[in-house]
Amino acid sequence: MSRTALRICPLCEATCGLVLTVEGTAVTAARGDRDDVFSRGFVCPKGASFGAVDSDPDRLRAPLVRRDGELREATWEEAFDAVAAGVRPVVERYGPHAVGVVLGNPNVHTVAGALYPNVLLGALGTRSLFTASTLDQMPKHVSSGLLFGNANAIPVPDLDRTDHLLLIGANPLESNGSLCTAPDFPGRLKALKARGGTLTVVDPRRTRTAKLADRHVAIRPGADALLLAAMAHVLYAEDLVDLGALAPHVTGVGEVEAAVRDFTPEAVAAACDVDADVTRALARELAAAPTAAVYGRIGSCTVPHGTLASWLVDVLNILTGNLDRPGGALFPQAATDRTPRPAGPGRGFALGRWHSRVSGHPEAKGELPLSALAEEIDTVTDAGEPVRALLTIAANPVLSAPDGDRLDKALDSLDFMVSVDPYLNETSRHAHVVLPPPPPAQSPHHDFAFNTLAVRNQVRYTRPAVPLEPGRTAETEILARLTLAVGGMHGTDPAAVDAMVIEQTLTTSVREPHSPVHGRDPGELTALLTGENGPERRLDLMLRLGPYGDGFGARPDGLTLERLLAHPHGIDLGPLRPRLPQPLKTRSGKVELLPGPIAADLPRLRQALAEAGRPAGLVLVGRRHLRSNNSWMHNIPALTGGSNRCTVHLHPEDAARLGVDEGQPVRVKGAGGAVTAPAEITDTVRPGVVSLPHGWGHDRPGVRQTHAATDPGVNVNQLLDGSLLDPLSGNAVLNGVPVTLTPLTGAQL
């Protein structure tokens, strides 16, 4: 007999509500939940394929432990015994920094990935943390940290109320949004146009989003910061700066005027390949719109000046008075945020509190560049011990980071490695222990991270749609037991981890004057928590202490887990609202428009102007497909094929000049190596640009991903040697990098 169950989709940042059809313990269909308070029935091909993702036969069903050089199935007890025996000696002999931790993209899509990694890092005490953020959005975290004093205070465009939206390096019709959680992003953009608004897209490719736009500016890859700086210049030069209600909360407006003085539209025209009149029009239109928002994403982050571009996005929003106002860019308020503290000066944001051992890269937000992981393992220096043991959690850096070949070899040299992963993939195949989480239908879901980036305040929670299969272990328990095993408490009841976090949180909260539980007894509050297990009790705790919470009875109509469970389609908490100055944690208590590290990096941007006249060859950019999310969906037949193919896009003019025919194999070579893939000739890329998608290259031995191996594609990141980084954030430069292209024939293949 079939039944239905609700589930929030964990397969991209849109976080759409799903209605699953369940037969026995199998999910046989998925459709959009029309009653979901946020997504209102929208679903994309990924969500519709939830059942296929959930039932993939290549998902590991039991732990693997390496014995006599081979990974073999083991019990959970044997697996965690092996983890403790492998990691603890490294910590005790070489110190905690000799243990590295890699957190991948799917961590932010799970309850366990939100609740436990920080506890694990605290138990280890390691500074050797690497995450997918330094292959994606770290420039935005750094610019937000410097501007607002909080690396996680990221304004999002008010899509449903804005009159003018400028997208730079973003393709939400394919990505469904990024650092901007918005179910049905395509529908929201069409609604913007239907109400008379304007959509402008700046992108070297004529993407699906660009085709929808009123204006598409085909910028030269990597020149985003120059164009944005020139737009800021125009605002000052033409007396279009108007901070409005922001003025009392901002410092440094005059300093920014001086900082962008050299970046005239004429000065940047050659470097951007954008006519000066177009740049002026972009700035004037932004200033003239009743409300407007500038939104930059991965294309503007993964370039040499990614942090400067991210900073300038918010500078433009501020100079036009569009930050923190309806229709502009606002700070969301998630239900699990800590109780807002009173506005006032904070501790600020610091960069470079420590540095990587080999190349001296500064940490950002407690993280080192993932591009540096291989050298941190395989290079001996006098600056400390190399990484000798590694924990990877939902991460596949052999494919996602530059120079996977070097990292592949480095992983083989580790003393010990643990992977928490449902697949034996290009990275986890090196592990000594693989700990597989259950399929998503067997896990609960709440979007801790993405609700802090949502275009509307709301809260939703779904319990597992299917009971945990016998022999499986919940992902929350896996990470709790991993924390205990690496922290020297192997064998302790995993519930102790949640109890410890609850105790620490309440002990702190009762001491905070602004907390709704100030002065109360932590033990009494602990007894009031509800939930079927530790993770649910922690969710209840966060909801009750949050900005909409009941404060453990202080606000009787406030949120609790019990109230949320009574609303299975979620609770709408209203549109985004102005919040300044409360979110600011800078030392001044204001938006610091020209922070010192930004000012110190601007000469490097001026140098880019001086180099603009150099002969330009081909440069590489990535691309995203609606049915893909990095490397972890290529084993699902329904999500591959069609236009989701690993091909080299190049413009007809470049194809004619190089003698390339449609479908012909071409060799693309970069600083890190070369790959061969079929050519796809299209005018959707501008001349001088070639494009390869991310996440392919499933052809390494020892991988158990049957479908992915039938059409493996090539690893675009192998074209990079890992040396090109945005210096402020440590983010890898993945776009706008020089490559050469050679058509192959006959004996060359």
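Predicted model: local features only at pLDDT ≥ 70, side-chain atom pairs only at ≥ 80, totals over all residues.
Helix 20 runs over residues 495-509. At 1.5 Å a residue, its 15 residues should span 21 Å, and the end C-alpha atoms are 21 Å apart, so the two values agree. Val497, Asp498, Val501, Ile502, Leu506 and Ser509 are the buried residues of helix 20. Viewed down the axis of helix 20, these buried residues fall within an arc of 155°, so they line one face of the helix. They pack against helix 5 (117-124), helix 19 (475-486), helix 21 (522-528) and helix 22 (534-545).

A second topic is the aromatic rings. A pair of aromatic rings is described by the distance of the centres and the angle of the planes. The model has three aromatic pairs, among them the stacked pair of tryptophan 76 and phenylalanine 80 and the stacked pair of phenylalanine 185 and tyrosine 295.

| Stacked pair | Centre to centre | Between the planes |
|---|---|---|
| Tryptophan 76 and phenylalanine 80 | 6.2 Å | 25° |
| Phenylalanine 185 and tyrosine 295 | 6.3 Å | 25° |

Tryptophan 76 and phenylalanine 80 are both in helix 3 (residues 76-94), four residues apart, about one turn of the helix. An α-helix has 3.6 residues a turn, so residues three or four places apart point the same way. Both tryptophan 76 and phenylalanine 80 are buried.

The other tabulated pair links distant parts of the chain, with phenylalanine 185 in helix 8 (residues 185-194) and tyrosine 295 in strand 13 (residues 293-296), 110 residues apart. Phenylalanine 185 and tyrosine 295 are both buried.

Two arginines also sit over rings. Arginine 388 lies over the face of tyrosine 94, 4.0 Å from the ring centre. The charged end of arginine 538 is over the ring of tyrosine 116, at 5.0 Å from its centre.

Technical notes:
Residues numbered from 1 in each chain as written. Heavy atoms only, no water. Helix = DSSP H or I, 4+ residues; strand = E, 2+ residues; numbered from the N terminus. Expected span 1.5 Å × (residues − 1). Buried < 20%, exposed > 50% of the residue type's maximum accessible area, 1.4 Å probe, protein only. Arc of directions from axis to C-beta. Contact = heavy atoms within 4.5 Å. Phe/Tyr/Trp six-rings, centres within 6.5 Å; stacked < 30°, edge-to-face > 60°. Lys NZ or Arg CZ within 6 Å of the ring centre and 35° of its normal.
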